[in-house]
Structure formats: C-alpha cells, structure tokens
Amino acid sequence: HFANVEMTPGDPILGLTEAFVADTRPGKVNLGVGIYYDEQGRIPLMRAVREVEQALALEAKPRGYLPIDGLPAYNQATQKLVFGADSPLLAAGRVATSQTIGGSGALRIGADLLKKVLPQAKVAISSPSWENHRVVFNAAGFEVVEYAYYDPTTHGLNFEGMLADLGKLESGTVVLLHACCHNPTGVDLTTQQWEQVVALVKERKLFPFIDMAYQGFDKGIDADATAVRLLAASGIESFVVANSYSKSFSLYGERVGALSVVAATRDEVLRVQSLVKRTIRSNYSSPATHGGALVAGVLNSAELRTMWEQELTEMRERIHAMRAGMVEKLAVHGAPQFDFIQRQAGMFSYSGLSKAQVDRLREEFAIYAIGTGRICVAALNTNNLDTVVAAVAAVSR
Ligand code: PMP
C-alpha cells in the first residue's frame, strides 16, 4: 500500500537545525530557530513554572481526562490575559475559550470550525507569513491568498498595500492577522494602523482570525494585545483568537495554547462552542493535562503571576537590548544600514540579508540563518553578539 508514497519535503527550518548540530566548528551560532534563549544560550525554565511544577509533583494527582475543551481554570485565566480582565465581551459572556495543543492546535481547530461555518470563504494571510499558516488552512480545505505586508525597501510595513489588498477581499473572507511580533518579519502595526485595519475589516465584513503567539514579547501583556482589544471594542460581532504560551511561558514542548471564539450573544457562543467541542473531539478528543496545569497554576496565583510577569519583562528587555546592541555594533563596523532591526519587534527580524549572504554566513562563519534572511534575535547573547555582528558586516561589504 505504501509502495508509491513519495518523500514529502521536510521542514527547511528543522533541516537547518540538523546541519547546525552536525557542525563541529567552535563558536557556531544558530539564528535559524524560533525559540527564546537566555543570556547563557539556554531555553529558560521560568521560576514561576518551576514552583508550580514542584507543587504538582508533591501532590502526585491521578491523571484523568480533561474536558474536551480543557481545564476550566486555564481557559478562564487565558480569556483574561487575551481580552483583558475588565473586558465587556467577557462580562457579556460572549467569549468561549478552549485549551488546545499549542497555538498550532488552536489554528487548526479554528480553521476546521470556520470551514464548517464559512465553507466558501477564502483565507487571506500576510505576505510573507509563518509558513504553517498556509499549510494549516490548506489542510482544513481553504484556498489561501496573500495580502501585501512587508516592504523590502524600508524593511518595514507596506501599509498602503495592505489596506488596498484587504479592501479588495470579498466579504466573508477570513483574514489572518498577527497580533504582535510578526513571524517571520518582526514588522508590526502601530495602534493607529490597527485602528484603520479594524475599521476596514468591519466595513468590508471580513472575518478576523487573530494569531497571538508572542503576547508579552514586545511591549507588554496588554499593549501586545492591542489588535484583540480594538476588535473587541469595534462592534464587530464575531472573530476568533488563537494564542500560544510556548514562548511567553517557555513551555514549547508542553503544547499549551487556546482558541477563543467571540460571538454576537451568549446563546450564540454556546452553540458555536458545541461545534468547537465536536471539532476537538474528532481531532484529538481532549488536550493534555500537564502544561495546562502549569499555566493555570501560575496565572491563578497572584504571587506567581507577578513572578512570571517579571521574568517575561526580563526576556523582552533582553531582546530589546540585543536589537540595540546589534544595530550599534554594526554601525561601528561600517554597516549603519541595519538600523531598522531596532524598529522591528519580537523574536525575529527580516534582516534583508540575501540567500547568498546567508550561505556565506553559514559556510565561512558557522552562523546559521534562514534563506529568507530571517534571524532570531532571541538567540543572540553578549557572548555571541560580536561574532555575529562581525560576520554580518563582512558579508554585507
Ligand atoms: N503562530 C505563530 C506566528 C508562530 O510563530 C507559532 C510558533 N512558531 C505558532 C503560531 C504556534 O505556536 P505553538 O508552538 O504553540 O504551536
């Protein structure tokens, strides 16, 4: 039965990591990853998470199944984080949140849900977007189109193009928007630009699907959720939000995310949520216990939540410092043209380096980046910054 199965191309980013691991040169640096590393180059295990984990180990609770839509304490805490504790939508009972298998699981459950509700719709994603967006929405049966986003000449946002493309979409089109820390470019909208996009989405009757995988990684928990908060206040009746704790809790492998559905009324949201549950049931039945218990344990304790927010702040400030350091040192090396790196946000930067320059970085300097020029600034630290800067300056001459 499998004799005619052809090899499916692998994930290019994972392939890069394999090559990095096999590289024996000392001082090698992997900027191809999508992970936050600390100053010592390690994936942090956050202090607050460790506290909950130790308490859970002592409790040694049995591992029954969670409800189909996950741990209630997790979902309630998630809603407050995503929509704000004083959100009128939450008070009106117009949001239903389901714990999912990472942000990816939320995207897929959201996509499957929308395919049932809007079977004829297309899905519009930014150009470029996270590679998996296209893959997930195609897998759910959607045709995926792109709207203008990145402007290579400014290394910033092509806002005119974005508005023009969104304005041309048919009503009912699902528009996938990155809440903050855009992957792969690092280019975000200002609050004013979000206001314009939300107004356009409302006027054109598009269906907003927010992907928020990096809440707290640029400006702060509430500021990074500006897009969600503006949509919530806009009078738009329904939208969905997929959020992920992989980065903000440094819990990549625990697969913690959530899908929040906003509907017009309390009654409508109950009906939609029954469809969400059916969708989850037909995919994987129910989510896993451990990661959700960690996040809920932190968010539902005032003391641990403060501890977590402090550490998250340290992480985002470290990213800002690495961006500033890179720009400053590149200027010293005679490469001031990289100043845009400081205007980009989150873990990633579209560096503007060409495929040939990225190849040279790897071959001559053991510095790994993605062919598109995407670099992970959260993989920089004070020990590797000088090496990286010298190499980037060398290939830019
Ligand atoms: N959306 C975006 C934009 C991402 O960058 C990621 C993680 N790389 C995800 C969603 C998925 O996150 P998770 O690892 O929680 O599935």
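Predicted model: local features only at pLDDT ≥ 70, side-chain atom pairs only at ≥ 80, totals over all residues.
Trainee: Fine. How many helices and strands are in the protein chain?

Mentor: The protein chain has 14 helices and 13 strands. Helices (H or I, at least four residues) and strands (E, at least two) are DSSP runs, numbered from the N terminus.

Trainee: And how compact is the protein chain?

Mentor: Its radius of gyration is 21 Å, close to the 21 Å from the globule rule for 397 residues, so the protein chain is as compact as a globular protein of that length. The radius is taken over C-alpha atoms, and the rule is 2.2 Å times the number of residues to the power 0.38. The C-alpha trace spans about 60 × 55 × 55 Å along its principal axes.

Trainee: What share of the 397 residues count as buried?

Mentor: 45% of them. Buried means that 20 or more other C-beta atoms lie within 10 Å of the residue's own, exposed means 12 or fewer, and partly exposed is in between, with C-beta atoms placed from the backbone.

Trainee: Which domains is the protein chain divided into?

Mentor: Domain 1 is 12–45 + 305–396, and domain 2 is 63–300. Those bounds come from an automatic or database domain assignment. The contact between them takes 22 residues from domain 1 and 22 residues from domain 2. Two residues are in contact if their C-beta atoms, placed from the backbone, lie within 7 Å.

Trainee: Which element gives the largest share of the domain 1 side?

Mentor: That is α12, with five residues. The elements giving two or more residues to that side are α12 (302–332) and β11 (348–350). By type, the side of domain 1 that touches domain 2 has 13 nonpolar, five polar and four charged residues. Here Ala, Val, Leu, Ile, Met, Phe, Trp, Tyr, Cys and Pro count as nonpolar, Asp, Glu, Lys and Arg as charged, and the others, Gly among them, as polar.

Trainee: How far apart are the domain centres?

Mentor: The centres of domain 1 and domain 2, taken over C-alpha atoms, are separated by 27 Å.

Trainee: What does UniProt list for residues 27–391?

Mentor: The unreviewed UniProt entry lists "domain: Aminotransferase class I/classII large" for residues 27–391. UniProt positions are given in the numbering used here, feature names are shortened, and annotations may be inferred rather than shown by experiment. In the model, that stretch is 45% helix and 15% strand, with its end C-alpha atoms 12 Å apart.

Trainee: Switching to the ligand. Which residues surround the ligand?

Mentor: The shell is Gly34, Gly102, Gly103, Ser104, Trp130, His178, Asn183, Asp211, Ala213, Ser244, Ser246 and Gly257. A residue counts as near if its C-beta atom, placed from the backbone, lies within 6 Å of the molecule. Helix α5 (residues 102–117) gives the most to that shell, three residues.

Trainee: How do the shell residues divide into nonpolar, polar and charged?

Mentor: Two are nonpolar, nine polar and one charged.

Trainee: Asn183 again: what is the peptide bond from Asn183 to Pro184 like?

Mentor: That bond is cis, with omega near 20 degrees. Pro184 lies in the loop between β7 (174–178) and α8 (191–203). Another cis peptide bond joins Ser127 and Pro128, with omega about 0 degrees. Most peptide bonds are trans, and most residues other than glycine have a negative phi.

Trainee: Which phi does Cys181 have?

Mentor: Cys181 has a positive phi of about 50 degrees although it is not a glycine. Cys181 sits in the loop between β7 and α8, and is buried because 26 other C-beta atoms lie within 10 Å. Ser250 also has a positive phi, near 50 degrees, and lies in the loop between β9 (239–244) and β10 (256–262).

Trainee: Last one: why does Lys355 count as exposed?

Mentor: Lys355 counts as exposed because it has 11 C-beta neighbours inside 10 Å. Lys355 is in helix α13 (residues 355–365).

Key
Residues numbered from 1 in each chain as written.
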